[in-house]
Amino acid sequence: MFVQEEKIFTGKVLRLHVCTMEGAEWLEEVPEDTTVEKLKERCLKHCVPGSLEDPKTVTHHKLIHATSEKVLTDTKTVLEENIQDGDVLLLIKKRAPPPLPKMADVSAEEKRKQEQKAPDKDAILKATANLPSRNVDRTVAHHNMRDFQTELRKILVSLIEVAQKLLALNPDAVELFKKANAMLDEDEEDRVDEIALRQLTEMGFPESRAVKALRLNHMSVTQAMEWLIEHADDPTVDAPLPGQTPSEATDEAGASSAEATPGPSSEAGEEEAKDELTEIFKKIRRKREFRPDPRAVIALMEMGFDEKEVVDALRVNNNQQNAACEWLLGDRKPSPEDLDKGIDTNSPLFQAILENPVVQLGLTNPKTLLAFEDMLENPLNSTQWMNDPETGPVMLQISRIFQTLNRT
């Protein structure tokens, strides 16, 4: 019996169910080594007669394995796609790609993008070429703002002197200033967070180092701990912070000893009261002395500047490191000495301030003096005193008078 050679080597024949989206269904018998592309051609001959005349018809259709929802690859065989006898295949026409935009549409889209695009410098100059020029100098506005801060500082210096004289005439002046000094003790800036300090000391860090780390890192336990670990082998780790004030314990002891000294006579008592008042004045001023930001001091000193210069720069620029650096590199104006000068007491501005009833009443309040002292050395605290019910009205009147006379 003669058998054709091609029949001997023919692979296993699979019976596949093929469906279309239109509802047609039929059975295809194909060897397992048939490519998906050949199978697709057979399916198209069955459901779309004469479709193969267009070679693009095959590429515009795809076969999907119904069970796995997998799109079959044209170059692979039925066996390679792991198709089994009796599987269901779905013949689907591929979605046509979106048509290319017409030239008119492209032009309209480009025009829309151009309309939404921000104008460049040349377009701005062209559009504003016919507008009348105005001499608006931004540096002048900034300069005026700086002049206001400078003048306000001079006003505060002179008002502090007036307030001290007025309060010294009060029979209860010593008690008033003792109370004021106590208010400062309650609001001490260098007070260390006891809970944060205890956490660090319980970790084994020395208390003095922990205090320094907390002050350098704004009472953040995590940052303070990182600083302590980083500077564990630093020989200067126990050095005092730059610009740190002397121990207040000594000051308080001296003041308390002065308070405890009895007077032998009324005249001596008055003298001692004046001396005690002077000491309290000094103590209040000492507590409100400018305290530079330790981190800013260290950063600026690492640039090569002297510590005294750095402290002066930070004092002039309200503890702002970048502004202090510009001051050090520039003409260094205003100078630290300019900060301690008061306003001309015979000037119309100062006279108008002193004649204001709200200011007059406020100058007899020790808290106003404390506010002036604090704002003098820590201008960033001005907002706090502006919102205070006792000192806020005074500051508001000073600001209004300055602005009114500055416009005339």
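Helices (H or I, at least four residues) and strands (E, at least two) are DSSP runs, numbered from the N terminus. By that rule the protein chain has 20 helices and 5 strands. This is a predicted model, in which local features need pLDDT of at least 70 and side-chain atom pairs count only at pLDDT 80 or more, while totals for chains, interfaces and linings use all residues. Residues are numbered from 1 along each chain as its sequence is written, and side-chain values use heavy atoms, with hydrogens and water left out.

Of the 408 residues in the protein chain, 33% are buried, meaning under 20% relative accessible area, against over 50% for exposed and partly exposed in between (1.4 Å probe, protein chains only).

Helix 15 spans residues 321-329, and its buried residues are A324, C325, W327 and L328. These residues lie on the same side of helix 15 because they cover an arc of only 160° around the axis, the arc being that of the directions from the helix axis to the C-beta atoms. An α-helix has 3.6 residues a turn, so residues three or four places apart point the same way. Exposed residues N322, E326 and L329 sit on the face of helix 15 turned away from its buried side. The cover over the buried residues of helix 15 includes helix 13 (294-301) and helix 14 (307-316).

Q397 belongs to helix 20 (residues 392-407). Q397 is buried, with a relative accessible area of 18%. Beyond its neighbours within four places in sequence, Q397 is in contact (heavy atoms within 4.5 Å) with N356, V358 and V359.
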